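Have the viewer open as you read, and take the points in order.

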Amino acid sequence: MRLFVGLALSDEAKTMLERVTLRLRGPEDGLRWPTVEQWHITLVFLGVVEDRERAVLLRALRKIRATAVSIEINGLGTFDRAGVLYAAVEITPGLLRLQQTVAETIRMSGFALEERPYKPHITLARSRNRGGSQTLQRLGAVLAQQRLQVSWTAEEFLLYESELSPTGSRYRVRERFALTKS
């Protein structure tokens, strides 16, 4: 099973992003627009994990003691090479500390993780074809004019399962881990 650890969005954030994406969508834009229920902030992507490894992972994640984290969305952008439209998430000290704690806990449990800088974001659309890439390029100027700002406190992190399908990935919460009030 394909797994990742992430954070859910607040209802206010979902509502704001839904309004924005409805304005940006166009007929035949060449983009795949995930549903609101699919939106999340990834902390650590694990990839395929066997059942025996998942039990080890769950034991390790249950031991994490961390405080609730302030989350702030502060704009839109694109990852041109990946063909992704995203909402940018501010890297606060608390968010970075939680991400590093989760990553280190997973590494210490015997999992190999990608070594790349953490860039928190919420994927709003993916390019399906060349037309989608062209749409993302055209949206560049529009994205810079979008004033987005919403914040909330994440009081838990989640273990998600990612199921691949021809219409895109579907995510299912497998376990929740509480973050304590500071």
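What share of the contacts with a separation of 6 or more comes from residues 24 or more positions apart?

1. The answer is 77% of those contacts in the chain. Please keep in mind while reading that this is a predicted model.

2. For the overall layout, look for four helices and nine strands.

3. Along the principal axes, the C-alpha atoms fill a box of roughly 45 × 35 × 25 Å. Of the 182 residues, 46% are buried. The accessible surface comes to about 10500 Å², and carbon and sulfur atoms hold 46% of that area.

4. Now zoom in on histidine 121, which sits in strand 6 (residues 121-127). Its relative accessible area is 23%, so histidine 121 counts as partly exposed. Leaving aside residues up to four places away in sequence, histidine 121 touches His40, Ile41, Phe79, Tyr86, Ala87 and Val89.

5. Two distances are worth checking in the viewer. The side chain of histidine 121 reaches the backbone oxygen of lysine 119 at 2.8 Å. Valine 142 is 21 residues from histidine 121 in sequence, and their C-alpha atoms are 18 Å apart in space.

Methods
Residues are numbered from 1 along each chain as its sequence is written. This is a predicted model: local features need pLDDT of at least 70, side-chain atom pairs count only at pLDDT 80 or more; totals for chains, interfaces and linings use all residues. Side-chain values use heavy atoms; hydrogens and water are left out. Helices (H or I, at least four residues) and strands (E, at least two) are DSSP runs, numbered from the N terminus. Buried means under 20% relative accessible area, exposed over 50%, partly exposed in between (1.4 Å probe, protein chains only). Contact means heavy atoms within 4.5 Å. Accessible areas come from the Shrake-Rupley method with a 1.4 Å probe; for residues, only the protein chains shown count as cover. A polar contact is a pair of N or O atoms within 3.5 Å; within protein, one must be able to donate a hydrogen and the other to accept it, and residues adjacent in sequence count only if both atoms are side-chain atoms.
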